[in-house]
Amino acid sequence: MLTVNLDLGGKRFQREWIFRHLPFRLGSGGKIAITGGNGSGKSTLLKCLSAQMPLTEGTLHFSWNEKPIPAEEIYQYLVVSAPYLELPEEFTLREFLRFHFSFKKLDPAIGANELVQLLYLENTVDKPISLFSSGMKQRLKLGICFFSQAPLVLLDEPTSNLDAKGIEWYRNLVSDYGNNKCLVVASNDSREYDFCEQILCLEDYKR
Ligand SMILES: Nc1ncnc2c1ncn2[C@@H]1O[C@H](COP(=O)(O)OP(=O)(O)OP(=O)(O)O)[C@@H](O)[C@H]1O
């Protein structure tokens with residue numbers, strides 16, 4: 001079981017505190033939403049939680065089956081989908097999936113053929129990702145999060161570029177494949193996070 005514990009988390013850029021004295025607890029398939037208006041720091045917190053960006057203050061601890069995970073190894077346990085993370089456009093879908101799943105293991109319950117069907121991308125396996133629509137790219141980003149064997153899934157604006165059918169598809173993905181995963185959703189759209197048992201509003205942690 002994975003746990004994430006942040007105590008008195010704070011992040012400052014130059015003189016401005018983006019958030020301060022922030023507590024964060026996640027474990028055992030827990031789901032938490034990070035909410036707040038534009039510029040409140042949702043993406044920044046997600047980057048700090050994935051150890052891509054250092055906190056200014058506070059302590060962040062990860063553990064797996066009660067054994068501490070060093071911050072520099074946490075990337076092995078997590079997957080991220082975010083608007084600012086680009087897919088390698090020059091790869092075909094087949095090449096990209098081969099590349100991604102050489103680092104992260106594919107969920108053993110899913111075969112490679114089934115995977116592309118679940119993403120509704122079965123007719124595009126040999127197409128370069130640069131030719132995908134924005135919704136197809138978003139389904140691919142979300143799919144590799146839910147179908148990788150990683151206990152921590154960090155999602156920033158998960159339904160950006162998805163139409164109503166795509167939003168329903170995302171919600172089904174969470175209910176069908178997200179049960180055992182710890183999920184952190186940075187969002188302002190309740191359809192993206194109304195299944196979360198914890199909601200952390202960043203506007204409560206400005207000072
Ligand atoms: N690397 C950086 N250097 C300086 N300031 C930054 C940096 N990254 C983000 N900021 C600032 O931190 C604040 C929070 O930005 P962030 O992108 O985390 O907000 P957000 O809640 O995700 O916004 P949105 O809902 O618009 O995506 C903003 O004022 C932003 O300009």
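**Briefing: ligand shell, buried lysine and nonpolar cores**

Glu157 sits in the loop between β7 and α5; helices (H or I, at least four residues) and strands (E, at least two) are DSSP runs, numbered from the N terminus. The structure is a predicted model, in which local features need pLDDT of at least 70 and side-chain atom pairs count only at pLDDT 80 or more, while totals for chains, interfaces and linings use all residues. Residues are numbered from 1 along each chain as its sequence is written, and side-chain values use heavy atoms, with hydrogens and water left out.

**Residues with positive phi**

- Most residues other than glycine have a negative phi.
- Glu157, which is not a glycine, has a positive phi of about 45°.
- With a relative accessible area of 37%, Glu157 is partly exposed (buried means under 20% relative accessible area, exposed over 50%, partly exposed in between, with a 1.4 Å probe and protein chains only).
- Gln14, in the loop between β1 (2-13) and β2 (16-27), also has a positive phi, near 50°.
- Gln14 counts as exposed, because its relative accessibility is 72%.

- The residues around the ligand include Phe13, Ile18, Asn38, Gly41, Lys42 and Glu157; a residue belongs here if one of its heavy atoms lies within 4 Å of the ligand.
- By class, this shell has 2 nonpolar, 7 polar and 2 charged residues (Ala, Val, Leu, Ile, Met, Phe, Trp, Tyr, Cys and Pro count as nonpolar, Asp, Glu, Lys and Arg as charged, and the others, Gly among them, as polar).
- Helix α1 gives the most to the shell, with 3 residues.
- An oxygen atom of the ligand lies 2.7 Å from a polar side-chain atom of Lys42.
- The protein covers 61% of the 640 Å² of accessible area that the ligand has on its own, by the Shrake-Rupley method with a 1.4 Å probe.
- A polar side-chain atom of Asn38 is 3.0 Å from an oxygen atom of the ligand, and a polar backbone atom of Gly41 is 2.9 Å from a ligand oxygen atom.

**The buried Lys31**

- Lys31 lies in strand β3 (residues 31-35) and is buried, with a relative accessible area of 8%.
- A polar side-chain atom of Lys31 lies 2.8 Å from the backbone oxygen of Gly29 and 3.5 Å from that of Asn179.
- Beyond its neighbours within four places in sequence, Lys31 is in contact (heavy atoms within 4.5 Å) with residues including Leu26, Gly178, Leu183 and Phe195.
- Cys182 is 151 residues from Lys31 in sequence, yet their C-alpha atoms are 5.7 Å apart.

**Nonpolar cores**

- The largest nonpolar core has 34 residues, of which Leu97, Leu140, Leu155 and Tyr170 touch the most other members; a nonpolar core is a set of buried Ala, Val, Leu, Ile, Met, Phe, Trp, Tyr and Cys residues joined through side-chain atoms within 4.5 Å.
- Elements giving two or more residues to this core include α2 (93-100), α4 (134-146) and β7 (152-156), and α4 gives the most, with 6 residues.
- Apart from this core lies another, of 25 residues, among them Ile32, Leu45, Leu46 and Leu200.
- Leaving aside neighbours within four places in sequence, Tyr170 is in contact with residues including Leu142, Leu155, Val185 and Phe195.

Terms used
A polar contact is a pair of N or O atoms within 3.5 Å; within protein, one must be able to donate a hydrogen and the other to accept it, and residues adjacent in sequence count only if both atoms are side-chain atoms.
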